[in-house]
Amino acid sequence: MSLLAARALSKTYHSRALLGPARARSALSDASLSIAEGETLALLGRSGCGKSTLARLLSGLEAPSTGEVLFEGTALPDLDRTARARMRAAVQMVFQDSPSATNPRFTVGRIIAEPLRHLTPLDRTGRRARVAELLEQVELPPEMAAMRPSQLSGGQLQRVCIARALAPRPRLVILDEAVSNLDIHLQASALALLRRLRRETGMAFLFVTHDLRLVRRFADRVLVMDEGRIVEEAASGRLETLMHPASVRLRTAILPPFPPPREVEDRARNVG
Amino acid sequence: MTAPGLALQALSVTTTGPAPRRVLDDLSLTLVPGRVLALVGASGSGKSTAVSAALGVLSPGLRLSGGEIRLDGRPAAPKALRGRIVASVLQNPRSAFNPLRSMRDHVQETLRALGRDWDARRVHDTLSGVGIETPEQILPLYPFEMSGGMLQRVMIALALLSEAPYLFADEPTTDLDLVVQARILDLLADAQARHGLGMLLITHDMGVVARLADEVAVLDRGRIVEQAPVGDLFHAPRHPVSRMLIDAHLSLYDPEPAR
């Protein structure tokens, strides 16, 4: 049985105009997938393709217009109280924009302890100990617990958000473009951190991204999305087999690792 | 005779207030027509401060404490450069456009600032030159009605309309998805080559550098630590900061398995 699954999910948003009729916009159509325990699945697609909508539906943050999300085989609305609490702890999310995902008035310690207060029986002392452990896990110094978001760099704050997601010992972490706002060298070190955590905990990840390079570095399997639909699937070792036009566009958009060799000729000409 | 070029010479920027701190230290760069110079570095290394200092638009709390700008060998006031000598393409087009003004208003403002009249033909040609297929249809639109990629195209078109010989592109594709990024970079490369622009490209992404730059300067904590032709920097970086940037960039292309 899969940990989390989507069955024929669709989502339509209604925008209300001040004047004139409301407009309906379909963000997701007929999306089905399943994530196994310990698996890393990537959702790949361009801005506006519906991948974040799908991630939000899977985490239970929003309800689908049609279709259902299944946690351990049971549809989310059918979960009883204890099962729902279990699901909330088991599925955690990390967002792209860490400054807007953290309360600027809270200390880092309180930000990370928030899910512990709601989802675990830990008391104050227990929470403090767990926060220290989590900071260490994401390679931040323990003193940082007393600092506020504005005193941290973007890369550090994103690690705080990862620590918060890890707090209730989830079985699945949904990373919604969680590294794409960071400098490339910080993206590389955040990915190294996530890989280490996966090795240590055996957690599953749903990795939402527009960058095919990151998929190869991090995921087992990739689903490509385009215009609200899942259009193709491949194992991450076989990305070259992706054939859908949307996949091909994403592949050809990757920038070259090295500058073109014309530079050498240029310089030769300048010298000569 | 001095060679043509736009030189930032020994620019230093200091924080104001009781304990002044240098955020830009003796930065010198020369832009040459027809060449792309990339200024790279981590967030907070001072890249955008360098651009603001050169154009005389430093944020409150910062002041220029030394250095000067020379255009073709003669001293030039930063204020006189803006719009006429140097056009800018900024990160995050969403905040660069006035939300209450249509695209037509923005074009008109650019032309008026340069003392030119509306020239429908030129506006049409410039907008179609940046890949906008139906320019007349986007002119009445407001920023919220357009995608980030479309707005960035219009920003490039505005830069080209100014006919300024130099272009400062500050993280021009950072907030765009990779497919849009690739198109915008093609466009910038094409415009730069066609108009023979001298371009300063500010970025943290070495992939963007590989795509566009001829020469690279690496900035670390307000200081240039290495400057080299792009091929040399990628194949034989000398400074540890350059090596770190190149290694992180190349690690994304590394075919090592995910686990």
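**Helix, sheets and interface**

Author: In this predicted model, helix α1 (residues 47-55) of chain B lies across β1, β2 and β4 (62-71) of chain B and runs at about 110° to β1(B). Helices (H or I, at least four residues) and strands (E, at least two) are DSSP runs, numbered from the N terminus. Axes are lines fitted to C-alpha atoms, for helices over the stretch in contact, and angles run from 0 to 180 degrees between N-to-C directions.

Reader: Before we go on, what are the conventions?

Author: Residues are numbered from 1 along each chain as its sequence is written, while chains are lettered from A and ligands numbered from 1 in the order in which they are written. As this is a predicted model, local features need pLDDT of at least 70, side-chain atom pairs count only at pLDDT 80 or more, and totals for chains, interfaces and linings use all residues.

Reader: What is the average pLDDT of chain B?

Author: Chain B averages 91, and 97% of the residues score at least 70. pLDDT is the predictor's confidence in each residue, from 0 to 100. The model scores ipTM 0.84 and pTM 0.85.

Reader: Back to the sheet in chain B. What is the strand order?

Author: The order is β2-β1-β4-β5 (chain B), an open sheet of four strands with antiparallel pairing. Two strands pair if DSSP finds at least two bridges between them. β2 (22-31) and β5 (74-76) of chain B are at the edges with a single partner strand each, so one side of each has no neighbour in the sheet. From one strand to the next, the twist averages 15°.

Reader: How many bridges join β1 and β2 of chain B?

Author: Six bridges join strand β1 (residues 6-15) of chain B to β2(B), in the antiparallel sense. Val13(B), for instance, has Leu24(B) as its bridge partner in β2(B).

Reader: And in chain A, what is the strand order?

Author: It is β2-β1-β4-β5 (chain A), again an open sheet of four strands paired antiparallel. Its edge strands are β2 (23-35) and β5 (74-75) of chain A, each pairing on one side only. Five bridges join strand β1 (residues 4-15) of chain A to strand β4 (residues 66-71) of chain A, where Ser10(A) has Thr66(A) as its bridge partner in β4(A). Helix α1 (residues 51-58) of chain A packs on this sheet, touching β1, β2 and β4 of chain A, and its direction makes about 120° with that of β1(A).

Reader: Changing topic: how many residues of chain B are in contact with chain A?

Author: 27 residues of chain B are in contact with 27 residues of chain A; contact means that the C-beta atoms, placed from the backbone, lie within 7 Å. On the chain B side, α8 (178-195), α9 (206-212), α10 (230-235) and α11 (240-251) of chain B each give two or more residues. The largest share, six residues, comes from α11(B).

Reader: How do the residues on that side divide by type?

Author: They divide into 17 nonpolar, seven polar and three charged. Ala, Val, Leu, Ile, Met, Phe, Trp, Tyr, Cys and Pro count as nonpolar, Asp, Glu, Lys and Arg as charged, and the others, Gly among them, as polar.

Technical notes
Two residues are in contact if their C-beta atoms, placed from the backbone, lie within 7 Å.
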